[in-house]
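Hi,

Here is the structure I said I'd pass on. Have a look at it first, and my notes follow below.

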Amino acid sequence: MHGRSLPPPFVLGLAALVAGFSAPAAAQEPVPVVVELYTSQGCNSCPPADAFLGELARQPGVIALGFHVDYWNYLGWHDPYSSKKFTYRQKEYAMALRQTGVYTPQMVVQGRRGEVGSDRRSVLQAIAEARKGTPAATVVIEKLAGHRLRAVVSAAAGAKGANVYLALFDRRHTTKVPRGENEGKTLTNYHVVREWKKLGQLDGEKAEFSITAAGEKGEKRSGAAILVQQGKGGPIFGAAVAYID
């Protein structure tokens, strides 16, 4: 369902993040909480949520990711960061969360709660609740030479069979929009996801992945996030993020 109709009535890893962090320091960090914003430059109610995501991205313990959907592109402006992959992911959440459809702006917190993206109170409450949980998986990301990374995922029995996903993102983009619902505005988007793919599945208690933090055509990205998630659109068991520049 298109439109903004509403649904019915790291920087941080768990044990360590990037090279240079000691284990004791990382152990004191907040539980990583993944906040996914589903947004579009063609949606005139999205800019406040985009700005809010930028604020969340600066909070310790929050892994903020901006997924630009493609179902607003027909209104005269094609969002350059939109992808059918991201729309599909949001639809998976809609089914898992038993929503009547998809809408923008929406924030999904830890794969468990979907809230209106500009509803600060509800989103912050969802983040606070997610921090009370005990993660079933830990993710450690190590920076290697260049744009290469190594991710090690350790999981409890309850996370066996979970999917491991990689999101490559750019920290920030500013765009002048000449057409569509945001005609004449200059929009700023944060932690814009550019690449999204499944790395594998957890068959045992530990798995290791080698990652290149660059796009399919070699474009360098600002950061990489690893998400360990139950099925498609299920709860997120653990996550971590590393910033490349």
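Let me start with Tyr38, which is buried, at a relative accessible area of 0%. Bear in mind that this is a predicted model. Tyr93 is buried as well, with a relative accessible area of 0%.

These two belong together. The model has 6 aromatic pairs. In one of them, the ring centres of Tyr38 and Tyr93 are 6.3 Å apart and the planes meet at 70°, so this pair counts as edge-to-face. It brings together distant parts of the chain, with Tyr38 in strand 1 (residues 33-39) and Tyr93 in helix 3 (residues 84-96), 55 residues apart.

Then there's Tyr165 with Trp196, an aromatic pair that is stacked, at 4.9 Å centre to centre and 15° between the planes. This pair also links distant parts of the chain: Tyr165 sits in strand 7 (residues 163-177) and Trp196 in strand 8 (residues 185-201), 31 residues apart. Both Tyr165 and Trp196 are buried. Arg89 lies over the face of Tyr165, 5.6 Å from the ring centre.

On to the second largest pocket, whose volume is about 200 Å³. Its lining has 14 residues, with Gln110, Arg112, Ala130, Gly133 and Ile236 nearest the centre. By type, the lining splits into 8 nonpolar, 3 polar and 3 charged residues. Helix 4 (120-131) and strand 11 (236-243) each contribute at least two of the lining residues, and helix 4 has the largest share, with 3.

Cheers

Definitions and conventions: Residues numbered from 1 in each chain as written. Predicted model: local features only at pLDDT ≥ 70, side-chain atom pairs only at ≥ 80, totals over all residues. Heavy atoms only, no water. 1 Å grid on protein atoms, 1.4 Å probe; cavity = no way out; pocket = protein on both sides within 12 Å on 5 of 7 lines; lining within 4 Å. Points joined across faces, edges and corners; volume = space filled by probe spheres on them. Helix = DSSP H or I, 4+ residues; strand = E, 2+ residues; numbered from the N terminus. Nonpolar A, V, L, I, M, F, W, Y, C, P; charged D, E, K, R; others polar. Phe/Tyr/Trp six-rings, centres within 6.5 Å; stacked < 30°, edge-to-face > 60°. Buried < 20%, exposed > 50% of the residue type's maximum accessible area, 1.4 Å probe, protein only. Lys NZ or Arg CZ within 6 Å of the ring centre and 35° of its normal.
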